[in-house]
Amino acid sequence: MPETFPKKPILRVLGGECLASPPIWLMRQAGRYLPEYRAIRQCAENFLDLCFDPRLAAEITLQPIRRFGFDAAILFSDILLVAYALGQRLSFETGEGPRLDALAEPADLTRLRHELDQRMLAPIYEAIGLVRTQLPPHVVLLGFCGAPWTVATYMIAGHGTADQMPARLFAYRHPQAFASLMDLLIESSISYLVRQFESGVDAVQIFDTWAGVLPSDEFYRWCIEPSEKIVAGVRRQVPAARIIGFPRGAGTELSRYLAAVAVDAIGLDWMIDLAFARDHVQKLRPVQGNLDPLALLAGGAALDQAVDSILRAFGTGPFIFNLGHGVLPDTPLENVERLIERVRAASRGLTGNSSEGRRT
Ligand code: CP3
């Protein structure tokens, strides 16, 4: 892939550099908290129509870049499109989240294709091409996929669940069938990410939103091993692929994850202890994160303090500022502006307290 010069800040951090001013983007930065997103959303019958319309998906991807000047654009799409391209029915009910035809029994797996129907995903690749042509030169374009475990939790339950019980039970009761579903998702994720790179993304993130519910052995089997295979599989075809892992809720298991999975950086959730993450995670790999999305929603002093603690912990190492999970729909726009200003001002030493206690 051709590289622009000077190199984009996020690519520099993914390469291990420490920048005086950390680059910033937010998970779910394109979404319902933006009036310009709600305006487009109103005109579309449903969320999937937006994802499969390259022009609209590209436009929504660019909205937060225009408004806030983030350092990365993340493609507007969804992790569950992989289930859809494997033949599962998928819809998004307003206010209720995703609905799929549940895989309740091993026999239900026969309803799935043996590989992704790439033709169904062609509009996503087209959207990547459209965004590419409109991005400012310093802004990175990120693609993504859901990690197999997280995607499987929705495929098996047929909807979001509080504790991912249906998938955990399925894995205990039907280990072979579950392993074959995971293998299918590993192969599908590899080919999906490779096509995203071929279409023009600079880097990708693997979202394992529900990694944190797995006991240690299962965490190894269903989070670490699949991620390891996806990273290796993508790099076989795209050797320079830059990949960010986000095993949410992994906690102290992050050390084990990073020993096995050759991601370039690790996304941290807001629950992790900052000192642990600085001493045991950022020493191994660049980190991204990890503001509590509720602190962003709350704003004010709570937001300022949380931002300062994160900058103190990670600001002198390789670091990308982000949330610990996605922007919540009720987040006020002015809080996002305040966050960006504070991150950029602190790195220029303007808030007065940003350099205290920093590592040297
Ligand atoms: O980060 C981004 O801005 C890029 C786009 C993106 C979306 N979903 C858009 C979306 C990404 C990266 C995702 C990932 C995703 N989707 C995950 C992993 C990360 C996470 O947030 O946990 C998961 C688990 C999903 C599945 C999913 N999609 C759920 C559970 C829901 C319903 C909850 C909700 O927020 O509405 C969605 C819908 C969805 N995906 C919306 C958006 C903007 C809202 C759709 C709408 O406008 O009604």
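Me: Hey, what should I know before I start, like how are residues numbered?
Reply: Residues are numbered from 1 along each chain as its sequence is written, and side-chain values use heavy atoms, with hydrogens and water left out. This is a predicted model, where local features need pLDDT of at least 70, side-chain atom pairs count only at pLDDT 80 or more, and totals for chains, interfaces and linings use all residues.

Me: Ok, which residues come nearest to the ligand?
Reply: Arg-28, Arg-32, Tyr-37, Asp-78 and His-325 do, out of 22 residues around the ligand. To count as near, a residue needs a heavy atom within 4 Å of the molecule.

Me: And what does His-325 do with its side chain there?
Reply: A side-chain N or O atom of His-325 is 2.6 Å from an oxygen atom of the ligand. Arg-28 uses a polar backbone atom instead, 2.7 Å from a ligand oxygen, and Gln-29 has a backbone N or O atom 3.5 Å from one.

Me: How much of the ligand does the protein cover?
Reply: On its own the ligand has 860 Å² of accessible area, and the protein covers 88% of that (Shrake-Rupley method, 1.4 Å probe).

Me: What kinds of residues make up the shell?
Reply: There are 13 nonpolar, 5 polar and 4 charged ones. Here Ala, Val, Leu, Ile, Met, Phe, Trp, Tyr, Cys and Pro count as nonpolar, Asp, Glu, Lys and Arg as charged, and the others, Gly among them, as polar.

Me: Back to Arg-28, where is it in the chain?
Reply: Arg-28 sits in the loop between helix H1 (9-14) and H2. Helices (H or I, at least four residues) and strands (E, at least two) are DSSP runs, numbered from the N terminus. Arg-28 also has a positive phi of about 60 degrees, although it is not a glycine.

Me: Which pocket does the ligand take up?
Reply: The ligand's space is the largest pocket. A molecule sits in a pocket if more than half of its atoms lie within 2 Å of the pocket's grid points. On a 1 Å grid over the protein atoms alone, a pocket is an open set with protein on both sides within 12 Å along at least five of seven lines, while a cavity is a set of points where a 1.4 Å probe fits but cannot get out; lining residues have an atom within 4 Å of a point.

Me: How much space is in that pocket?
Reply: About 1,200 Å³, where a volume is the space filled by probe spheres set on grid points joined across faces, edges and corners. The pocket has 39 lining residues, and H2 gives the largest share, 4 residues.

Me: New topic: how many cavities of 30 Å³ or more are there?
Reply: The count is 1, and the largest cavity has a volume of about 40 Å³. Its lining includes Trp-149, Arg-168 and Trp-222, with the largest share, 3 residues, coming from H8.

Me: Last one: which residues does the cis peptide bond join?
Reply: Gly-289 and Asn-290, with omega about -15 degrees. Asn-290 is in strand S8 (residues 287-291).

Conventions. A polar contact is a pair of N or O atoms within 3.5 Å; within protein, one must be able to donate a hydrogen and the other to accept it, and residues adjacent in sequence count only if both atoms are side-chain atoms.
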